[in-house]
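Hi there,

Here is the structure I promised to pass on to you. Have a look at it first, and then read on for what turned up.

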Amino acid sequence: MIEKLLTLILLSPLLGILVLAFTPRYRAGTVKLIGILATLIPLLLSFVMYVQFDLNAEGMQLVHRADWFQIPIQDSVVKIAYEVGVDGLSMPMVLLASVIATLGAVASIAIQKRWKEYFILYLIMEIGLLGVFMSLNLFMFFIFFELALIPMFFLIAIWGYLDREKAAMKFLIYNGVGSGILLITFVALFIKTGSLNMAEIMTRLSDPMSPFNLPDSPYLISEGLRTGLFLALLIAFGIKMPFVPLHTWMLKSYQESPIPMIMISSGVMIKMGAYGLIRLGVGFFPQQAVELAQWIGVLGLVSILYGAVLALVQKDLKMVLAYSSVSHMGIVLLGIASMNATGFQGAIFQMVSHGLVAALLIFMVGVIYERTKTTVISELGGLAKSAPFISGVLLTAALASLGLPGMSGFISEFQAFLGLFRAEPVLAAIGTLGIILTAVYMLRAVLATTFGPTPEKWQDVVDARPVEVIPMAVLLGFVILIGIYPAVLGDVVQGTLQNLVPRIGG
Amino acid sequence: MDITAWNWEVMTPEFIILGTATILSLIDLFMPDDRDRRFLGILGLLGVIAAGFYVIKFAGAEPVQIMNDMFRLDSFGTAFKLIFLTGVALLFILSIQYLNRQNQEVQYRGEFFYLVLTALLGMMIMASSADLITLFVGLEVLSVSSYILVGIRKKHLYSNESAFKYVVSGAIATAITLYGMSFIYGITGTTNLYDIAERLASAYQQGFSLMIYLGFFLMLVGLSFKIAVVPYHMWAPDVYQGAPTPVTAFLSVLSKAAGFAIIIRIFLSVFRSIVNYQSDAGSFYVLFQELNLYIAILAAASMIIGNTLALRQTNIKRLMAYSSIAQAGYILVPLVTFWGINFFSQTLFYLVAYLFMTLGAFAVIMVVTTDRGTEDIRSFAGLYHRSPFTAIAMTIFLLSLAGIPITAGFFGKFYIFMSSVLYENYWLAAVMMGTSIISYIYYFGIIRQMYMRPGDTEARLAVPLPAAFVIAVGVLGTVAVGLFPDLVLNYLNQNLQFTDMFARP
């Protein structure tokens, strides 16, 4: 049973889809309830996965394999298997995905129309999100990558705000280009190494005695090709992450997407990019990663500063968060650029931390929007009097975002910069500017929303309802838990990093 | 020469189709005008199924040639015939509904069925002959039948216009093809593909390469008409738009597949033989090495032109025409390497995927456009509310055409894509990828209409049973083959030995 756990997690949203298919479409309450309950199953199973995870084991755990199909190529036959598994890198991401998915479903209560289709698409997307992190081969990785993309297109285009269709098309085309580059890279890797399995490709690319590395071998994969493939992966995942200048799709989709979609997008989906970059980019081409580390650092730096500076001048709360996401994903890049264990740990912490914090912040914005029908900062203000709880949580979330000690953001930023100071002190020194700016733009936006005199129209804004408190409490709980007891995540990551880091010589 | 000694049995499928077509035309002739002719479609369907039975029965057998190589049964032909027969069977089911008594546009209903059958006969000959003359006759049987089919709506302006355009451009294409063939015949003095192959090699060494190039290019240009790729694609939008929808489906799927059959058959068996043994790196195929760039350019141009021009279309059938130009470009990609590794399974897999998704899409298009009385893309507006299952089915077909997992179209594209990367044709792979992403815009444009735009009416869309059946088969095929590509690949690899195409019994 336990070896099929991941498959169960992966397929459990299907149960919800099936039940929803036979639910009458007009019964909004029932549909929403089923939708939320359906996301609870993978969540519960994910916790079982966390408990079952062996901290001392090496490599992939809870692996489940089954034959899928085979492609005849050249004289041999390549078997493509269904294979899922988790290690210290992917396990936290699976957990994150299922947590955010459940909370996003709770936030979806505010959805006004076509609930049945909404939740069916939502659950299909969840399968994609979970699958990306569990996949052990490139074929499956790609399929799930796309499986998350297509429902997201519909979810933005049907349930978004005014300019939703354009935002959805932009989302689709940008991510389509990313997927296209990804597919070219995967096929090239497959052709060159003759395998689609990630672990196998990793060994074949790194083993000094394999024919792909011997200088006179006809199968030699040249340095140039490796650099090219690494760059292709960097761009493909860079669109997803996104880093400057590939980030414009995210701004548009922040503006127009329904709130739960932004939660999913900034909480999980953009983490797929960072995850892919670490697992596939650095994992397959450690040497190229080290050579280009400085440039990755520069990219990260640009994202941090660009995002922070622009977040400073935004008039819309949502756009502040959009640019803040760009800025925070830059920290992930900085962590990767350090090419040492501390930096990587920081990057992974940042992925999880930003996932939680960004989801919480955007959820708060959604809660406020539902009451005031606006997210423009200048029109808001003084909410602390009429809605003290909402304001309090918003402020706490902002503090978490700017890296207050005792919260997850602090741990991740601290580690990322610690790692980078060892490797690239100059970049790190400039990067810390971004942290300071974060404090400025976050507090500017949040304080303007909550403090000051309460305008007439917001006098009787209702404070948080119980159903809204759940996501806030859960997300804040995780943020603080990781903040005061980082080992809950650190121990998990540690084992995997010990395997990854020696290969990059850090 | 004793003609009774020949193994006529191998031609059973062709005879069945010929017989059915003859019987149908006779019944049609002697039946009073006011009778319902739908049962002719059912008769034709039975004939197609019977022929399919024999094709499957002969699958995998040693190649057989009769009539001095005029007819040749081999794995290559068998695979294509299976595609043709499946397609025509689905098409018949679809058109039985379309050609009903109320449809005033198509008054000559009987003709439709037996003309499709004669076209099918031509296609089958195109797939299984080893002689230029017979191949050409097959091509003409198909062409002439389809000219009439396009114009079958006698009193419809567009139909007439498109039939006329089709005849004229088709005739020019035929002339070019023949001109090309005449060069090859002139050098070798034979029309038998295997004799040509033998003699062409020595002709090449003796300095007749210019003639060979001329023959190659002229045939390529002429035959590109049938598959509607650059440089002979301009007829497609007009003809697709004017033809009745079932005929458009026929042109876009079956006629195109037959075009690929004849191109592959001629080029692979004839030009493969020019081998340079003197090279240091072992022997290589001289002509293929030199000419693959041109095919690559044609493929790339088709993808670019098809996918970009489709962006501006508002008529769904014109859009599908440009889409089919692009799709043909994808199918040409494996041919760039000529008979590269997995060449046959890549091409055939994509054709199978293409068959399911395109026929399915045309079934939906037929139902929707007939219902709304317009072929504008806006006729799809609000389809999801009118008939959710039709909309979902159409979404699956469009996703498959766009090459998004987990559909047959995705795996087909992935598989083709592999061949271009394998031969380090990175620029072609990049074009294929880039244009696929451009194609998202117009495929998703239809999806946007279906889900996100309010339609003129909210009335439930009645999907006739035959069309629903074809749509269901299309969805099933697209998804099943996409999830388990093994279903097709295993059949192709285990039952058929494609390299026997090059062996002369």
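A:Glu165 is buried, with a relative accessible area of 12% (buried is under 20% relative accessible area, exposed is over 50%, and partly exposed lies in between, using a 1.4 Å probe and protein chains only). Its side chain meets that of B:Arg448 in a salt bridge, 2.9 Å from N to O. By salt bridge I mean a side-chain nitrogen of Lys or Arg within 4 Å of a carboxyl oxygen of Asp or Glu. A:Glu165 lies in helix α6 (residues 164-193) of chain A and B:Arg448 in helix α17 of chain B, so this pair joins two chains. Helices (H or I, at least four residues) and strands (E, at least two) are DSSP runs, numbered from the N terminus. A:Glu165 also forms a salt bridge with B:Arg453, at 2.5 Å from N to O.

Before going further, please keep in mind that this is a predicted model: local features need pLDDT of at least 70, side-chain atom pairs count only at pLDDT 80 or more, and totals for chains, interfaces and linings use all residues. Residues are numbered from 1 along each chain as its sequence is written, chains are lettered from A and ligands numbered from 1 in the order in which they are written, and side-chain values use heavy atoms, with hydrogens and water left out.

Now the interface as a whole. Between chain B and chain A the count is 2 salt bridges. The rule also finds 6 residue pairs in polar contact across this interface, both residues being at pLDDT 80 or more. A polar contact is a pair of N or O atoms within 3.5 Å; within protein, one must be able to donate a hydrogen and the other to accept it, and residues adjacent in sequence count only if both atoms are side-chain atoms. On the chain B side, the elements that give two or more residues are α14 (383-386), α15 (388-402), α16 (408-422), α17 (426-452) and α19 (486-495). The largest share, 11 residues, comes from α17(B). By class, that side has 28 nonpolar, 5 polar and 4 charged residues (Ala, Val, Leu, Ile, Met, Phe, Trp, Tyr, Cys and Pro count as nonpolar, Asp, Glu, Lys and Arg as charged, and the others, Gly among them, as polar).

In terms of contact, meaning heavy atoms within 4.5 Å, 37 residues of chain B meet 34 residues of chain A. The two chains bury about 3,400 Å² between them, with 77% of it on carbon and sulfur atoms. Buried area here is the accessible area (1.4 Å probe) that two parts lose on being put together, summed over both.

Next, chain A by itself. It has 20 helices and 2 strands. Its radius of gyration is 22 Å, close to the 23 Å that the globule rule gives for 506 residues, so chain A is as compact as a globular protein of that length (the radius is taken over C-alpha atoms, and the rule is 2.2 Å times the number of residues to the power 0.38). The C-alpha trace spans about 80 × 60 × 40 Å along its principal axes. Buried residues make up 65% of the 506 residues.

Over all chains, the salt-bridge count comes to 21. In one of them, A:Glu117 pairs with A:Arg25, the closest N and O atoms being 3.3 Å apart. A:Glu117 lies in helix α4 (residues 115-134) and A:Arg25 in the loop between α1 (5-21) and α2 (28-52), so the pair ties together parts that are 92 residues apart in sequence. A:Glu117 is buried at 10% relative accessibility, whereas A:Arg25 is partly exposed at 38%.

Another salt bridge joins A:Glu370 and A:Arg465, at 3.3 Å from N to O. This pair links helix α14 (residues 341-372) of chain A to the loop between α18 (425-450) and α19 (466-484), 95 residues apart. A:Glu370 is partly exposed, with a relative accessible area of 32%, and A:Arg465 is partly exposed as well, at 36%. Together with A:Arg371 and A:Glu468, they are linked in a network of salt bridges.

A:Ser408 counts as buried, at 0% relative accessibility.

Best wishes
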